[in-house]
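Subject: Structure for your review: aromatic contacts

Dear colleague,

Please find the structure below, handed over for your work. The notes that follow it concern aromatic rings and the charges placed over them.

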Amino acid sequence: MGTDSHVVGRRVPRLESWDKVTGRARYTADLRPADALFATCLRSPYAHARVAYIDSSAAEQLPGVYAVVTHANAPEKRFNRANKWPGDLDFLPQDETLLTSVARHVGDRIAVVAAVDEDAAREALSLIRVEFEVLPAVFHVSDATQPEAPTVHEGTGNVAARVSIETGDFAKALASADLIFEQRYTTHAANQCPIEPHVCFTVPDDHGRITIFSSTQLPFTVQRAVANVLGIALDRVRLVKPEIGGGFGSKDELGLEALCTLLALRTGRAVYMEYTREEEFYHSHRHPATIFLTTGVRRDGTIVARGAKVLENTGAYASMGPKVLKAGFYHWAGLYPCADMRFEGLCVYTNLPPSGAFRGYGNPQVTFAMESQMDEIAAAIGIDPVELRLKNAVRRGDRHPLGFTVESCGLENCLKQGAEWIGFAEKRENAIHVSGAQPSAPEVSSAVLRLEEDGTFTLLSGTAEIGTGTTTVLAQIAAEVLGIDVEGVHVVPVDTDQVPYDPGAYGSRTTFIAGGAAKLAAEDARHRLLDFVARELDVPPQAVVCGRGRVYVASEPDRGLTFPEIARAFARSDGTHLVGEATYSPKQNAPPFAAAFAEVTVDVGTGIIRVDRLVLAQDAGVVINPLMLEGQMEGGAYQGLGYAISEELVFDPDTGRILNPDLMDYRLPTPADMPELHTIIVETSDPSGPFGAKGAGEIPLVPIAPAVANAVFNATGVRIRDLPLTPERVLRALRERSAAEQ
Amino acid sequence: MTIGRSAAVRLSLEFLVNGEHVRVEVEPRERLLEVLRRSLGLLGTKEGCGYGECGACTVLLDRLPVASCLVLAVMARGREVTTIEGLGRDGHPSLLQQAFVEFGALQCGFCTPGILISLEALMAEQQEFSRADLHRALAGNICRCTGYRKIEEAALAALETRSHGYG
Amino acid sequence: MLLPSFDYHEPWDIAEAASLLAALGERGELIAGGTDVLIRLQAQGPHDRTALIDLGHLRDLAFLEAKDGILRLGALTCVLDLEQSALLVRTLPALVDAARVFASVQIRALATLGGNLCNASPAADLAPPLLAAQAEVVLRGVREQRQVPLDDFWLGPGRTARSQDEVLCEVRFRVPGFHTGSAYLRFSPRRSMDIAFVSVAAYVTLATDHRRIERVTIALGAVAPTVIRVRRAEEFLAGAEPEPKAFEAAGALASAECSPISDVRASAEYRRDLVRVLVPRCLRVAVDRALGNVPESKAVLES
């Protein structure tokens, strides 16, 4: 970026910091109207069951109950909770209804009650009489893909989606390899665990409109989803996003909003719904996966053939499963590009609760496999693991499987600097991993910048701040272009009535795409400022420049107007605000890159892994705000650590229930468990991102698990190919190895 | 309101909240958490789990950090409660609050009030503290966003500032 | 989620509490810190009606003192006070070990000794150290007061020898002499805010010349329906030299003597493995402390 930037590249504290450290920040539950009804769902205790009989009359008659809805009187529209507009209605299976008469997972929604308070609502639930006809259920992909397996969705097989991609001639290339490596890896279900559970409330007005307040990552997308599911006109729905207490993908889909809106429409009252922590655990989780990798290499370590087969357990409803599967392909294919590759993937229904988006979105799974195997290959050939990666990794100028050219790639420096920092060459008790997460498929974002009378700018963007620092970064970008301090840009809270369209916060896209829109809008505003002042001063437009809150003649700096003066003059002459706006739809998506190095100690008596040190080197292009980027890196590493060694949703093999839907037995790392963490920012610059920036939010999570698994191998000689690396699993592996040696 | 429920007993509860004397009528079943939030409008304290694991509901009770989702409001009778709204002095933020902002020790902010309360207790209790003390103090505060590193840095920085006599 | 409604009583002394318990029968439940009771309450059905008897006014049940060679802990002593007690560091450091890993500060500030023992979880942290110290509890009912050794107190998960009308008032054990040491080790995957997969407490008395173990008690948690003593391991160590081989042998014996189950946390087999590994480690610390606990030593025991 250079030293001439005045706000981009600075460690600006997040704009809403003071609200958050004083308790003034308002999250959805804080805004709950005092007169809102309380609503809650009746959920199936069975993984697969038909509702043979349901009688809600006693519940309806309970004083204080305003509505009871079952499948019999609920909208029947089939949808996919992860629909994004416009393409997903054709691409994703539309396999879900608001309420169901066939429960397909434990927790599936059978009925919903709205009552005057929580007590009445829960009592009403207990009065709904339901008889279930229990059906056979499947929980494993291997069972669900058997010919006689019970089907999760009547009339369709259990394969929700299939991906089959081949480039070149994989079989031939494999045959030409000196060595072939074939391994099987498995990954597990992990829960996003935002500290703020899903929550929303809906408020009807007197004109047939509903305002939804929701803890969601996708204000506009959910607005459309609600309209779609309920079959009402889009302009009847307004969504306002308060502060959000974390999402990480759990809120990257339709949650409670449609149900809550339905109840508001039916009762004419405001309605409030929230998840208990247990319901939060049931909502969604990372797709468990089995990954088979077949890799052919030459003796010198050059990869000549790459094959992968990925089996993904998408649970009872497909949600974004097919997209996660595809994303897995892109991440796997893009990191070590090879002319001859074959990828096969199956997205499979089972009667587990639905899988969903979780930071990384298919990448952590395939990368755990891929990067573990790289170390296995390195060990077998006798080549340094860093060297093996440098030999085969994607480089700047390479063509990405998605069809674009990789225009920035700091991977080599990530590897080299990370290795040097942790002392990889000397210690060899650690391991590495690399990953190229990418923002999601091309879409669109719009931004509007409005000059106010006091000379500040209001920035309207539809993207969602969920705690990642998006708002701050957008303000910095706009401020940089306009030549003002970041305090001169106010980003308004997202309200679909007020701000322009943006699909939401996911896929590491907000800095890249929403930031891109903000930059263009700021440039548009600056152009208009220059134009206007040039006219006012009667000079050619090229003669004026913008800086330090003024627009002035470059050769005569005293001749100019301050922003407040411009605002007033513009109002007098044009009768309105000066506004800059832009819509941004990038043609390609610049992948970020990262490498992680882990140093571990394994207690061979108990199997416990202590990660002592973790080094994470990341290339996010040009860094708009290092403080925010470090936050994403450290937080991603934390979630990656949990994914690697302690977090695991455990399902009962007979009933499909979650056995640990609580924060005691779902083990998030505590502060005492954190390793010494060192982050290295490797700057590159990508022409497609605002000021050269790239996405950053997901990738820091991705390399941690394979780094830890590789380090465990280096420390103990034991290779474990199944996540998470719990103490029991490690001890068993150590035992098996000792037994085998005897 | 509902069939079968006997008329709710209400007890008078007087206690100190953020230095102010407060009197409310509560049912025995009301937890300190909702009395603070709903009866007193102190919305900074959050509910994240309801069973004392996540720490988002942490407040000080007689200067000790407690999980307010597991405290019956009546148990606070005659005692002193401090919430996030009570940190800082005379409208000035505390050293910890300032350090949190400067060091970026927060992201979504949902856990932040509970974490600040736990750390304020530590600052008040100990002249000096180490990282191990921080781990002990924060064991019951889950942060899903930050990985704790900047939180620890901010706490140690606030300690350093205090030891130099500033604030 | 809100708590369900309940009847609420505030007795002013033990006698009143006991009478209430007798009168309310199965509906009545004592509440002290509330950290177990209020969680259990959330799980009850909408038509259950519990009566909570709040012990909060019985402040004379919160004490921690040594008197006439007996260490007495009031049932309402909160776990934070146990953690910070210099007296316990000197006399039963195993209990301080346990208090240190007990949940979080926010829970320790509320949770009480009596509550933890009466909750009767086999994984309760405070139980093994007190069982290893061969402590007894004092129970007071409407009519009488009695002492029950902890050995006989826990009957199964969630069940104790407490009668319906009895209040657990205190826990007491002999103040140890010199050449004794105790330790508590808990295995859980995380370093804090976790629950025992397996826990071990050892209480060792060495001969005055430190060449052999005079007597040892070992208590295990989370490997049986209650916290248990492993007497075969104890008998093996009596008179033995305090060295690694003996400790390992004791670990093997203890592992065979317990009856763990498989659950979401761990398999039974893994729990047995952990017992085998943890018992020697715990013994080592207990013995180290015993070695340091000598008449000439001026230093306060480290824990």
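Phe343(A) is buried, with a relative accessible area of 1%; please note that this value, like the others here, comes from a predicted model. Trp332(A) is likewise buried, at a relative accessible area of 2%. Both residues count as buried because their values fall under the 20% cut-off.

Over all chains, the count of aromatic pairs comes to 17.

Another aromatic pair is found in chain C, between Phe153(C) and Trp154(C). Its geometry is edge-to-face, with 5.9 Å centre to centre and 70° between the planes. Phe153(C) and Trp154(C) are both buried.

Returning to chain A, Trp332(A) and Phe343(A) also belong to one aromatic cluster, together with Phe329(A) and Tyr330(A).

Two contacts between a charge and a ring may also be of interest. Lys84(A) places its charged end over the ring of Tyr506(A), at 3.9 Å from the ring centre. Arg286(A) lies over the face of Phe358(A), 4.2 Å from the centre of that ring.

Key. Residues numbered from 1 in each chain as written. Chains lettered and ligands numbered in written order. Predicted model: local features only at pLDDT ≥ 70, side-chain atom pairs only at ≥ 80, totals over all residues. Heavy atoms only, no water. Phe/Tyr/Trp six-rings, centres within 6.5 Å; stacked < 30°, edge-to-face > 60°. Buried < 20%, exposed > 50% of the residue type's maximum accessible area, 1.4 Å probe, protein only. Lys NZ or Arg CZ within 6 Å of the ring centre and 35° of its normal.
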